[in-house]
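Please examine the following model with attention to its helix packing and strand pairing.

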Amino acid sequence: MYNIVNIERQFACGGNEIARKLAAELGYRYHGHDILEEAVNELGISYSFVSAIESTDPESDIFNIHRTPLNDGGLEEKDYPIEIRLFNKVQELIKKYTAEGKCVFVGRAASFILKDTDGCLNAYIYADEDYRLQRAMSVEGIDSQKAAASLIKNDRRRSNFYNANTHRQWGDKKNYSIMLNSGILGTEECVRILSEIVRGSRQ
């Protein structure tokens, strides 16, 4: 039975919309950007600082903890670099939310963090570039001249975060239960398919 749905997605393919609608359809709790918000709040870090880095610098070590060596294995966690503490807190929160009940997670490498948890459906949502460019402009409100660059930057950020923190490849079919092309299927059909899979697992 799938009590947890983890969704990784390309930028501007409708992944967040699919995750929110799926959570509403199933009566599951949705967790996305709120995970980062709560993590920085509990750590006492400026959310605006972290958010600004996430938006502008996909190569930043703050989202790629395995680039940051721990030279002293005897360090207490409070002395770890901020990127280590941030990812540890994200993991802690995702596991806490999972223990509290049924959830749909989007991003944050939740499928990897919950790799040893039973009842997880791991999905990857993608679409071709033309569909995502149009969606970036119409839904995300990105200027047409900046849309292509935004796709590259945000995909690279998500890929770097996932690859560095999991030692897996973002978008590799081996890491997912199902991969859906939202450009062909549409967001509503993606929601229907995932919902049917979850409901079918209850029988």
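The questions and answers below concern this predicted model.

Me: Which class describes the orientation of helix α2 relative to helix α4: roughly parallel, roughly antiparallel, roughly perpendicular or oblique?
Reply: Helix α2 (residues 33–43) packs against helix α4 (residues 82–100) at an angle of about 120 degrees, and their axes are 9 Å apart. Angles of 65 to 115 degrees count as roughly perpendicular and those over 145 as roughly antiparallel. The angle therefore makes α2 relative to α4 oblique.

Me: Is the crossing of α2 and α4 left-handed or right-handed, and how many nonpolar residues does the contact hold?
Reply: The crossing in which α2 passes α4 is right-handed. Contributors from α2 include I35, L36 and L43, and those from α4 include L86, V90 and Y97. The residues of this contact comprise seven charged, no polar and, as the number asked for, 10 nonpolar.

Me: Which residues of strand β1 point the opposite way from I4, N6 and E8?
Reply: In a regular strand, side chains alternate between the two faces of the sheet. Strand β1 spans residues 4–9, and six of its six residues are buried. I4, N6 and E8 point one way, and the residues pointing the other way are V5, I7 and R9.

Me: Which residue of strand β4 is the bridge partner of N6?
Reply: Strand β1 runs parallel to strand β3 (residues 103–106), with four bridges joining them, and V5 has V104 as its partner there. Six bridges join β1 to strand β4 (residues 120–126), also in parallel. In β4, the bridge partner of N6 is N122.

Methods
Residues are numbered from 1 along each chain as its sequence is written. This is a predicted model: local features need pLDDT of at least 70, side-chain atom pairs count only at pLDDT 80 or more; totals for chains, interfaces and linings use all residues. Side-chain values use heavy atoms; hydrogens and water are left out. Axes are lines fitted to C-alpha atoms, for helices over the stretch in contact, and angles run from 0 to 180 degrees between N-to-C directions. Helices (H or I, at least four residues) and strands (E, at least two) are DSSP runs, numbered from the N terminus. Angles under 35 degrees count as roughly parallel, over 145 as roughly antiparallel, 65 to 115 as roughly perpendicular and the rest as oblique. A crossing is left-handed if the near helix is turned anticlockwise from the far one by less than a right angle, and right-handed if clockwise. Contact means heavy atoms within 4.5 Å. Ala, Val, Leu, Ile, Met, Phe, Trp, Tyr, Cys and Pro count as nonpolar, Asp, Glu, Lys and Arg as charged, and the others, Gly among them, as polar. Buried means under 20% relative accessible area, exposed over 50%, partly exposed in between (1.4 Å probe, protein chains only). Two strands pair if DSSP finds at least two bridges between them.
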